[in-house]
Amino acid sequence: MNITLNINGKTYSHDVEPRLLLVHYLREVVGLTGPHVGCETSLCGACTIELNGKAVKSCTMFAVQANGADILTIEGLAENGKLHKMQEAFWNEHGLQCGFCTPGMIIASKQILDRNPNPTDEEIRHGLEGNVCRCTGYQHIVNAVKAAAKATGA
Amino acid sequence: MIPQNFEYAAAQTLDDAIKQIAGGAKPLAGGMSLIPMMKLRLATPERLIDIGRLKELNYIRESGGALHIGAAATHHEVESSGLVRGKCPLLSETASHIGDVQVRNMGTIGGSIAHADPSADYPAALQALEAKFVLKSSSGERTVSAADFFVDTFATALEPGEMIREVIVPLEAQGTGVSYQKMYQPASGFAIVGIALRIARSGGKISMARIGVTGLSGKSYRAIDAEKALEGKAGSATEIQNAAALVPQNVDINSDLHASADYRRHLAVVYAARAIAAALSRSA
């Protein structure tokens, strides 16, 4: 089936099998390896991308379902070489160690602030329930989201 | 984790979807239940009809003293809707406990109900709300109550060729206290036990109690004996405990690697007592 979608501001068109998962389409067909394949069972959140402005797990969606959609991956977050505020905050606050969960964490964190510019710690943790970090960096990730909230408000 | 291949089409209209379903296609909405099953090849549909983007199925509106929620409304939409929060707070509270943000962004109320996972959150609230589901097929529509819809584990009253079009829940009366209390399975977030409560008081006594239970048995149910035990009472700690003890009575209790039947029975009483106390404290 032929699909056409907008990914990080560019239009892509490909003929794909209906069973091709969106994460595999992004990684193997389009060549965007930012969305990671972690658990493949919609638990870990490493594959999180934005679909029409909503954070979703790209391992639990078929590429054909995204036909006509606007997609944002971690690769599309920086603008003109300048990091997004959330990326900067993760860097400054040591919100990552190995980095495997980071693309999904950053997209999920962005969703938290998109919906609530001033979240409490509890709201941040609730918003990150779908993302797992195996370096146990949660406290620094929460700090990063708070720092980004502050930087965005300033 | 590659599903068996299938044919896919995105429905353009509801009538188009109904036609496809009558011809044997499986409806795909948010995919949060169906796609994991397909990846494990527990489900191997040959044809999928995508109803997830049908505007005709995505709405939340008030009419005739009830809230009407289209089958393709996502958990996030139900959780964040001002209408649902104001007029049916038990449903929005329950929606906020489902899965995680990403799952709530995709998963739909109709999909969750049709899947009928015995550990799903929505059924507890829908039983307590005495919700009705409008089922549509090429030969027309019929309305089924939540009590009659859920038949057993992954089994519902849906006939071949039928789909859920709409969920109808009553408007909550002023002063009714509600609560959804749940023991999470830590990895999946599913309810090992989930208890949904609605309590109304009048003249210092409980005038109405509704208790919906999920996770405990093959299907969600209303704990009617426990409701009766509460009605007419003031709601003392002992009365709450006595009513909670009735919640797991006369039920065939599930046992799996996450919780034995004995442990689930114990949890049902503990969480029922918490939910009763919480709903009572919110009632006026």
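Reader: Which residues have the most contacts inside the largest nonpolar core?
Author: This is a predicted model. In it, the largest nonpolar core has 139 residues. Those with the most contacts inside it are B:Ala125, B:Ile195, B:Leu197, B:Ile211, B:Ala226, B:Ala272 and B:Ile276.

Reader: Which helix gives the most to this core?
Author: Helix α12 of chain B, residues 261–282. It gives ten residues.

Reader: And what does B:Ile276 touch?
Author: Leave out residues up to four places away in sequence. Then B:Ile276 touches B:Leu197, B:Leu230, B:Ile240, B:Ala243 and B:Ala244.

Reader: OK, new topic. How many residues of chain A are in contact with chain B?
Author: 24 residues of chain A are in contact with 22 residues of chain B.

Reader: Which elements of chain A give two or more residues to that side?
Author: β4 (54–57) and α3 (102–115) of chain A. β4(A) gives the most, with four residues.

Reader: What classes are the residues on that side of chain A?
Author: Eight are nonpolar, ten are polar and six are charged.

Reader: Now chain A by itself. What domains is it divided into?
Author: Domain 1 covers 2–76 and domain 2 covers 85–153. Their centres, taken over C-alpha atoms, are 21 Å apart.

Reader: How many residues are in contact between these two domains?
Author: 13 residues of domain 1 of chain A are in contact with eleven residues of domain 2 of chain A. On the domain 1 side, strand β3 (residues 48–51) of chain A gives the most, with three residues. That side has eight nonpolar residues, four polar and one charged.

Reader: Let's pick one residue. Where is A:Ala148?
Author: In helix α5 of chain A, residues 138–153.

Reader: Is A:Ala148 buried or exposed, and why?
Author: A:Ala148 is buried, because 26 other C-beta atoms lie within 10 Å. The cut-off for buried is 20 or more.

Reader: What does A:Ala148 touch?
Author: Not counting residues up to four places away in sequence, A:Ala148 touches A:Lys85, A:Met86, A:Ala89, A:Ser109 and A:Leu113. A:Lys110 is 38 residues from A:Ala148 in sequence. In space they are 9.0 Å apart, C-alpha to C-alpha.

Reader: Last one, back to chain B. How do strands β4 and β5 run there, parallel or antiparallel?
Author: They run antiparallel. Four bridges join β4 (residues 60–63) to β5 (residues 66–70) of chain B. In one of the pairs, B:Arg61 has B:His68 as its bridge partner.

Reader: What sits between those strands?
Author: Two residues, in a hairpin. B:Gly64 takes a positive phi near 60° in this hairpin.

Definitions and conventions: Residues numbered from 1 in each chain as written. Chains lettered and ligands numbered in written order. Predicted model: local features only at pLDDT ≥ 70, side-chain atom pairs only at ≥ 80, totals over all residues. Pairing = 2+ DSSP bridges. Contact = placed C-beta atoms within 7 Å. Nonpolar A, V, L, I, M, F, W, Y, C, P; charged D, E, K, R; others polar. Core = buried A, V, L, I, M, F, W, Y, C linked by C-beta atoms within 7 Å. Buried ≥ 20, exposed ≤ 12 C-beta atoms within 10 Å, placed from the backbone. Domains from an automatic or database assignment.
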